[in-house]
Amino acid sequence: MHMTFSPEWAAAYLRHWRKNPALEVTQFLRFPRGSSRDTWFVSYREQAGAAEVHDLVFRMDWPTGSIEPSPLYHEYFVYERLGRTQLPIARALHWEADADWTGDAGPFYIRIRVEGDWEVPGFLDPDPKFDELRIAVSKDHLEKLAQVHCVDWKALGFEEIFPAPPNCEIAGAFYIDQVLQWLEDLQSHGYREGRPIIREAAERLRDAAPPAPRISLCKGTNGLGEEVMRNGKVVALSDWEEAHLGDPAADFAFMQNFVPEINRDGRNLWGLDKAVEYYRQVSGIGVTAENVRYYEKVRQLKALTYGINAAVSVSRATAATVRMAWVATEVLNVSKRSLAKTAGIGPGITDEHYLDYLQTL
Amino acid sequence: MIYPSNERVLESVLRAFDEVLIPTLRRNLNEAGGEKIAEEKRALSNAYTMSHLVRLTRNRVASQGQHYYDEIVLLEPLLREAAALAGNVGHRSNPKLVADLNSATNSSWLSPGQYPSLEITAERVNMLRLAVDQALAWLQSNADHLSTDSRYVSLRARIREYIGRQLADEAAIVDGAFRGFGLRR
């Protein structure tokens with residue numbers, strides 16, 4: 001289907017799905033950002049000239065698979081189940097696995113496209129006049145994250161797709177073992193490579209794992225570039241590819257700028273400690289800065305899943321994208337060095353190097 | 001065809017990226033409007049990544065053979081030592097591990113007359129790395145009982161030292177291809 005996914009295909013498919021032969025596709029656009037999965041923006045009207053336009057997102061794996069360790073269906077499942085709650089989320093509408101429509105490209109799913117943008121104008125501008133905006137955005141995001149962490153995941157059936165730690169005491173070690181299992185599974189189809197750094201680091205991380213304040217649904221990846229924003233507010237929590245059940249502190253370990261450290265005239269206006277305090281007030285969940293720092297280290301282990309997944313995909317498929325080859329090389333190497341540092345091996349990555357590494361179009 | 005070397009050929013490809021393709025695609029993006037922007041952005045993003053990966057390939061061709069060779073020289077005795085320990089700790093000895101480690105270190109990896117290409121050498125290195133990982137798993141599972149054994153302590157330290165060195169070798173190749181060379185994608 002990746003070869004034939006076109007405006008004509010989209011029109012034919014939507015007419016079939018909506019049971020409306022008069023339906024007209026008004027927009028068909030590939031989302032240029034993101035490496036995890038192939039994303040298309042498709043809009044339609046029920047008939048030519050109709051005022052109302054329906055905006056959709058089509059999500060599918062790349063021809064070589066996703067760089068995420070979890071299957072596409074899990075992502076759909078999360079959107080579908082959370083669409084039943086009050087959380088700001090783009091509701092999932094349909095899972096399509098009919099080979100007549102997917103061809104050999106595998107299933108895809110459709111969700112509503114929520115109007116907004118991943119960017120927040122001014123947020124990254126270091127001018128102090130944007131401090132208030134930064135703090136307001138951070139607080140709004142923490143409020144939404146608190147809602148996620150308070151979701152009744154048992155009632156929503158999340159145990160169908162995610163393993164749940166049996167208790168709070170072992171939540172950290174449970175997560176380490178889960179990540180190790182992902183890493184193992186990724187290589188189970190061949191192209192297994194010896195990476196003793198994983199075992200060396202995992203041993204230390206498991207030994208240092210703190211108890212969790214509660215077991216929550218965790219979003220996995222958060223922050224600038226991960227959510228749909230409008231007027232400085234999160235209007236749709238997005239990018240659930242790494243969702244799991246565990247310590248809510250894990251979510252603070254991947255915040256991509258949304259917990260900025262703001263110091264003015266020797267005074268700390270905002271940062272991790274204040275953000276954790278604010279979150280505790282709005283959520284009632286006793287996340288600690290210590291747990292957050294622990295999960296920042298775990299994050300280095302988790303980050304290897306992208307690179308290893310990409311390395312296996314590029315090795316076994318001739319249709320791999322050039323972006324995936326980058327993930328399989330530089331991203332994987334940077335992840336391993338960062339992980340090694342958490343295990344007390346090597347210098348890791350300097351801040352200057354990291355900023356260089358983050359440069360994208 | 002001895003000359004030009006692969007390195008020189010790849011450098012001519014890199015110049016084409018840096019001096020022709022990327023500036024042209026950047027201009028196209030600046031001049032694009034509407035839905036064409038996403039298309040132009042994707043083309044430019046691909047070109048940036050391609051130039052980095054050409055540089056990476058050049059560096060691998062130039063340096064990886066020596067890195068692999070050094071790694072083989074370092075790992076074979078280390079694994080023999082791990083096998084010796086695994087076979088000599090009383091009831092905790094692990095004959096299967098001993099056999100696996102000995103098999104990894106002693107296996108012939110080149111057929112008579114076969115050239116040790118980068119790919120074949122890489123497979124050899126990977127076999128040894130997998131064996132290190134297997135040895136490490138056993139060492140960790142016996143840590144409580146062997147932590148005061150000097151052979152155990154020495155092996156754990158040498159494995160950590162090896163990990164650091166291997167990552168540093170890999171980092172030199174990767175950094176020389178990406179770091180300071182502009183946008184990744």
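**Entry 1: where the chains meet**

I started with the meeting of the two chains: 28 residues of chain A are in contact with 37 residues of chain B. For "in contact" I take two residues whose C-beta atoms, placed from the backbone, lie within 7 Å. On the chain B side, α2 (36-86), α4 (118-141) and α6 (150-178) each supply at least two residues. α2(B) gives the most, with twelve residues. Helices here are DSSP runs of H or I with at least four residues, strands are E runs of at least two, and both are numbered from the N terminus. I sorted the chain B side by residue type and got 18 nonpolar, nine polar and ten charged. My classes: Ala, Val, Leu, Ile, Met, Phe, Trp, Tyr, Cys and Pro count as nonpolar, Asp, Glu, Lys and Arg as charged, and the others, Gly among them, as polar.

**Entry 2: what I am looking at**

This is a predicted model, so I note the limits: local features need pLDDT of at least 70, side-chain atom pairs count only at pLDDT 80 or more, and totals for chains, interfaces and linings use all residues. Residues are numbered from 1 along each chain as its sequence is written, while chains are lettered from A and ligands numbered from 1 in the order in which they are written. The model scores ipTM 0.95 and pTM 0.87. Chain B averages a pLDDT (the predictor's confidence in each residue, from 0 to 100) of 95, and 100% of its residues score at least 70.

**Entry 3: chain B**

I counted six helices and zero strands in chain B. Its C-alpha trace spans about 75 × 40 × 25 Å along the principal axes. I also found a cis peptide bond from Tyr3(B) to Pro4(B), with omega near 0 degrees. Pro4(B) sits in the segment before α1 (6-31) of chain B.

**Entry 4: the two domains of chain A**

Chain A is assigned domain 1 (7-112) and domain 2 (128-357); such bounds come from an automatic or database domain assignment. Between the domain centres, taken over C-alpha atoms, I have 26 Å. Across the boundary, 22 residues of domain 1 of chain A are in contact with 31 residues of domain 2 of chain A. The domain 1 side divides into eleven nonpolar, seven polar and four charged residues.

**Entry 5: a sheet in chain A**

Next I traced an open sheet of five strands in chain A, in the order β1-β2-β3-β5-β4 with antiparallel pairing. Two strands pair if DSSP finds at least two bridges between them. β1 (24-30) and β4 (92-96) of chain A stand at the edges with a single partner strand each, so one side of each has no neighbour in the sheet. Inside the sheet, β3 (residues 54-60) and β5 (residues 108-112) of chain A pair over five bridges.

**Entry 6: turns in chain A**

β10(A) and β11(A) form a hairpin with two residues between them. Their antiparallel pairing has three bridges, and Asn263(A) has Asn268(A) as its bridge partner in β11(A). Asp265(A), in the turn, has a positive phi of about 50 degrees. Asn231(A) lies in the loop between β7 (227-230) and β8 (233-237) of chain A. I noted these because most residues other than glycine have a negative phi, and most peptide bonds are trans.
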